Amino acid sequence: MKGLYVHIPFCESICHYCDFVKRVPKDQVMIDRYLTALSEEIKSYQHHFPTIETIYIGGGTPSMLTVEQLTRLFDMLKDIHPVEYTIEVNPESYSEKKGELFKNYGINRVSLGVQTFNDHLLNYLNRKHKEDDIFAVVHHLKKVGIPRISIDLIYAIPGQTMELLDYDLDMIEKLDITHVSCYSLILEEKTYFYHQYLRGKFHEMDQDMEATMYDRVMKRLKKQGFEHYEISNYAKDKHYSLHNLLYWTLGEYIGVGMGAHGFVDGYRTYNKRHLNGYLESFQDHKDEQTQEMMLQDDLIFGLRKIEGISIADIEQKYQIDLFKTYPKLKEKEAFGLIEVVDGKLRLTEKGIFLGNQVFMVFV
Ligand code: SF4
């Protein structure tokens, strides 16, 4: 099983917290030129098409492409028949025509960039949609028959209160969707918020409040019937993100588009991060993965899954004794951050919030 990630790096405007590979396009010609290059790159992986089972079109904002551009993009991928086909959508750039096009091309999962339902906080983040847009989009996606809808949610936004977070969680219940990805607001370098922070105008939420919010999200989503299956991800009725599961289980995936990463045939691939560079030649470099690197990734990504990792599988795959190779694990166990249950090593509830302290053991 293999995945294909397709990056569409264009956004109508830049959110204040975002450090993804993205840019505002100069004009439509720029997008068309990008699609031409992307088509060449996709073709270069044609021999992998029969083994690709998940496609994920992410960004940037793929939904800001016109219907004609989206049609061009979907045509490039039409010889692949994945079990899961996801596209990221921002509410303000959705249209009924686009939703129908998704359905016609076999897209069966939409990841919607919601972040919060509060119009004031949306404005603070420099998002361009309003709460009402979210409901209109989800309603229409269901109407055209897209069965799996995921939303991205951000918490710990400066100025956000527990009441506002509760409101977001109430609205998720009302939407009746299958999946939620939930992240705390991280202050990243080279973002608008970071510049504000350097000027003393941005203040991160304090850690205790953030932890309380994380706990609230976890408990309330579980109460709504979501299974917490990965540190930041929740699914109803086992509607896990198969594409993301590939990342967490060291599965193979091809990454195409500006700044995309891949993991194919034992190599991690890294594409050029700037448009002109990408248009000249796609790939920046690739690194062969050693056993040591694979072990590290297997442990760090594997522990992101709430079920944890099978100790016997890891020990057999890498011919190691896990606790002897990483003696500090005992310390983390004593601090109550990890536990061994039925032969699996996993994060505890406390460890889920403090995962980085555990992951450092493997670095
Ligand atoms: S829409 Fe997404 S990719 Fe674009 S700036 Fe906002 S967060 Fe970043």
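Aspartate 237 lies in the loop between strand 8 (233-235) and helix 9 (242-248), where helices (H or I, at least four residues) and strands (E, at least two) are DSSP runs numbered from the N terminus. The model is a predicted one, in which local features need pLDDT of at least 70 and side-chain atom pairs count only at pLDDT 80 or more, while totals for chains, interfaces and linings use all residues. Residues are numbered from 1 along each chain as its sequence is written.

Alanine 156 counts as buried, with 21 C-beta neighbours inside 10 Å. Most residues other than glycine have a negative phi, and most peptide bonds are trans. A cis peptide bond, with omega of about 20°, joins glycine 59 and glycine 60, and glycine 60 lies in the loop between strand 2 (52-59) and helix 2. Both Gly59 and Gly60 are among the residues around the ligand, which also include Cys11, Cys15, Cys18, Lys22 and Asn90, a residue being placed in this shell if its C-beta atom, placed from the backbone, lies within 6 Å of the molecule.

Leaving aside neighbours within four places in sequence, tyrosine 155 is in contact (C-beta atoms, placed from the backbone, within 7 Å) with Gln160, Leu165, Cys182, Ser184, Met213 and Val217. Aspartate 152, also placed in strand 5, counts as partly exposed, with 18 C-beta neighbours inside 10 Å.

In helix 3 (residues 96-104), the residues Lys98, Gly99 and Phe102 are buried. Seen down the helix axis, these buried residues fall within an arc of 100°, so they line one face of helix 3, the arc being that of the directions from the axis to the C-beta atoms. The exposed residues Lys97 and Asn104 are carried by the face turned away from the buried side. The buried residues pack against helix 2 (67-76), strand 3 (84-89), strand 4 (109-115) and helix 5 (131-144).

The chain is divided into domain 1 (2-246) and domain 2 (305-363), with bounds that come from an automatic or database domain assignment. The centres of the two domains, taken over C-alpha atoms, are separated by 30 Å, and the contact takes six residues from domain 1 and five residues from domain 2. On the side of domain 1 that touches domain 2, helix 8 (207-223) and strand 7 (227-230) are the elements that give two or more residues, and the largest share, three residues, comes from strand 7.

Notes
Two residues are in contact if their C-beta atoms, placed from the backbone, lie within 7 Å. A residue is buried if 20 or more other C-beta atoms lie within 10 Å of its own, exposed if 12 or fewer, and partly exposed in between; C-beta atoms are placed from the backbone.
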